[in-house]
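The sequence and the model come first, and the description follows.

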Amino acid sequence: MSSNIPSWVQLCVTLAPAAAWVVFASPIPTIQQISRDKAVGGLPLLPYSSMCTNCYVWIVYGVLKSEVAIVRANVVGLVLGAYYFYVFREHCPANAASLPGTMTQHVQGMVGIVTFTLILAASLSRDTAAELIGKIAVFFCMVMFASPLSVLRDVIMTKSAKNIPLPFTLASTINCFLWSVAGVLAMNDFNVYFPNLAGLSCCVAQLTVIFMYGHGDKKDASEVELPLTR
């Protein structure tokens, strides 16, 4: 990293690692609300299942690259993601099919990704495995940032953005901005700036929807006639 970068860019580089911790912790108010209400309402499971998967893949990548900082940060994210997933599962209806998908499909997807990542790490050379798993990590990082948009259809129909988790979206916006600046102007690292620029775009879209429709109850979802094919 060049020593001639502007001071504000250096500040972004310094703050970026801490921002990831904030992102991992940001769903806590939402999870606490689920625990109090003993119901998930229309909230999606995808932000939490993708957090578990994302952090796991980055842990493996960090081990292969001998990057202790990556491992340390994502171990915390994996523990928190597993807790969020557990609370959500405890209060999610057994027949829920709009998470998106079902609970069983989420579990099967997570197990499949964990198994596939381990096979790559065990069967390929260290450098090759790190390259492939790094690209997988980039993909799931983008999924995690975009996952709240999975409820966009219901947001439009109910005219309310209450099912887009605001704390997660705000924290993700700051995180993606800091890492985008660091990746482009300080590190020039594709694996850093590409998913974060994409994530920043998704976050801006989510904030725009929240600004348009608000986070309150404009219209209860039960009052909206949804297609039978949902």
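Glu131 and Lys135 are four residues apart in helix 6 (residues 126-146), so about one helical turn separates them. Glu131 forms a salt bridge with Lys135, with the closest N and O atoms 2.9 Å apart; a salt bridge here is a side-chain nitrogen of Lys or Arg within 4 Å of a carboxyl oxygen of Asp or Glu. By this rule the count is one salt bridge. Glu131 is partly exposed at 45% relative accessibility, and Lys135 is partly exposed at 36%. For these classes, buried means under 20% relative accessible area, exposed over 50%, and partly exposed in between (1.4 Å probe, protein chains only).

The model is predicted: local features need pLDDT of at least 70, side-chain atom pairs count only at pLDDT 80 or more, and totals for chains, interfaces and linings use all residues. Residues are numbered from 1 along each chain as its sequence is written, and side-chain values use heavy atoms, with hydrogens and water left out.

**The chain as a whole**

The chain has nine helices and zero strands. Helices (H or I, at least four residues) and strands (E, at least two) are DSSP runs, numbered from the N terminus. Of the 230 residues, 44% count as buried. Among the contacts in the chain with a separation of 6 or more, 77% are between residues 24 or more positions apart; contact means heavy atoms within 4.5 Å.

**Helix 3 and helix 5**

Helix 3 (residues 46-65) packs with helix 5 (residues 103-123) at an angle of about 10°, and their axes are 10 Å apart. Helix 3 is therefore roughly parallel to helix 5. Axes are lines fitted to C-alpha atoms, for helices over the stretch in contact, and angles run from 0 to 180 degrees between N-to-C directions. Angles under 35 degrees count as roughly parallel, over 145 as roughly antiparallel, 65 to 115 as roughly perpendicular, and the rest as oblique.

On the helix 3 side, the residues in contact include Leu46, Cys52 and Tyr56, and on the helix 5 side they include His106, Met110 and Ile113. The residues of this contact divide into ten nonpolar, four polar and no charged. Ala, Val, Leu, Ile, Met, Phe, Trp, Tyr, Cys and Pro count as nonpolar, Asp, Glu, Lys and Arg as charged, and the others, Gly among them, as polar.

**Aromatic pairs**

Rings of Phe, Tyr and Trp (its six-membered ring) pair if their centres lie within 6.5 Å; planes under 30 degrees apart count as stacked, over 60 as edge-to-face and the rest as tilted. By this rule there are six aromatic pairs, including the two in the table.

| Pair | Centre to centre | Between the planes | Type |
|---|---|---|---|
| Tyr48 and Tyr84 | 5.9 Å | 65° | edge-to-face |
| Phe190 and Phe194 | 4.9 Å | 10° | stacked |

Tyr48 in helix 3 and Tyr84 in helix 4 (residues 68-90) are 36 residues apart, and their pair links distant parts of the chain. Tyr48 is buried at 2% relative accessible area, and Tyr84 is buried at 0%. Tyr48, Tyr83, Tyr84 and Phe88 form one aromatic cluster.

Phe190 and Phe194 are four residues apart in helix 9 (residues 190-213), so about one helical turn lies between them. Phe190 is partly exposed at 40%, and Phe194 is partly exposed at 36%.

**A positive phi**

Lys38 lies in the loop between helix 2 (28-37) and helix 3. Lys38 is not a glycine, yet has a positive phi of about 55°. At 60% relative accessibility, Lys38 is exposed.
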